[in-house]
Amino acid sequence: MESYAYTININATSTQIVGKLQVEAIKRLTGVELPVAEVYMYPGAIKHVKRKHPGIIEQYGHLIPDMISNPDYVGQNPKEPNSIELVKAINVHLLLAIKLDPSGYLYLSSFYDLDNAAAKLQKRLESKRWVPFK
């Protein structure tokens, strides 16, 4: 996957494509079938992340394309059937939430660092909510 082909503008005022999922690998690992691979980010999502998770998009937004194409862990929020969660472990554990719109496109819905990451990671791996992406 060419994550380098996507750049993130954290001050965008229009919709941008921020990455491409490996949909076959996600289906094989999680059972989640996604009809498309490209992920969109709307200006409203940027505002949400800046408001709810201050500093995250500014510090780690450049990692979004790589997280989409090459996460460390992938899974699904049981309360959100048409969604996936992508986790990348760097000096922090980052979670990228992606949802499928009923009209058939994927969009970034949230992006944040996990509090109590080691415990959450272990618990979600044990429950099979998340699985290693490799």
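Is Asn116 buried or exposed? Here are some notes to read alongside the model.

1. **Before you start.** This is a predicted model, in which local features need pLDDT of at least 70 and side-chain atom pairs count only at pLDDT 80 or more, while totals for chains, interfaces and linings use all residues. Residues are numbered from 1 along each chain as its sequence is written, and side-chain values use heavy atoms, with hydrogens and water left out.

2. **Two loop residues.** Asn116 counts as exposed, at 58% relative accessibility. (Buried means under 20% relative accessible area, exposed over 50%, and partly exposed in between, with a 1.4 Å probe and protein chains only.) You will find Asn116 in the loop between strand 6 and helix 5. Helices (H or I, at least four residues) and strands (E, at least two) are DSSP runs, numbered from the N terminus. Asn116 is not a glycine, yet its phi is positive, near 50°. Lys128 also has a positive phi, about 70°, without being a glycine. Look for Lys128 in the loop between helix 5 and strand 7 (130-132); with 62% relative accessibility, Lys128 is exposed.

3. **The nonpolar cores.** In soluble globular proteins, nonpolar side chains tend to be buried together. A nonpolar core is a set of buried Ala, Val, Leu, Ile, Met, Phe, Trp, Tyr and Cys residues joined through side-chain atoms within 4.5 Å. The largest one here has 31 residues, and those touching the most other members are Leu21, Met41, Ile64, Ile68, Leu96, Ile98 and Phe111. Elements giving two or more residues to this core include helix 1 (23-30), strand 2 (38-41), helix 4 (64-69) and strand 5 (93-100). Strand 5 provides the largest share, four residues. Another core, of eight residues, lies apart from it, and Leu95, Leu114, Ala117 and Leu121 are among its members.

4. The whole structure holds four aromatic pairs. Rings of Phe, Tyr and Trp (its six-membered ring) pair if their centres lie within 6.5 Å; planes under 30 degrees apart count as stacked, over 60 as edge-to-face and the rest as tilted. Tyr40 and Tyr105 make an edge-to-face pair, 6.3 Å centre to centre with 85° between the planes. Because Tyr40 is in strand 2 and Tyr105 in the loop between strand 5 and strand 6, this pair ties together parts that are 65 residues apart in sequence. Tyr105 and Tyr107 form a tilted pair, since their ring centres are 6.2 Å apart and their planes lie at 55°. Ring pairs link Tyr40, Tyr42, Tyr105 and Tyr107 into a cluster. Tyr40 is partly exposed at 26% relative accessibility, and Tyr107 is partly exposed at 22%.

5. **A buried lysine.** Lys88 sits in strand 4. With 11% relative accessibility, Lys88 counts as buried. Which side chain does the side chain of Lys88 meet in a polar contact? The partner is the side chain of Asp66, at 3.3 Å. (A polar contact is a pair of N or O atoms within 3.5 Å; within protein, one must be able to donate a hydrogen and the other to accept it, and residues adjacent in sequence count only if both atoms are side-chain atoms.) Leaving aside neighbours within four places in sequence, Lys88 is in contact (heavy atoms within 4.5 Å) with residues including Met67, Asn70, His93 and Leu94.
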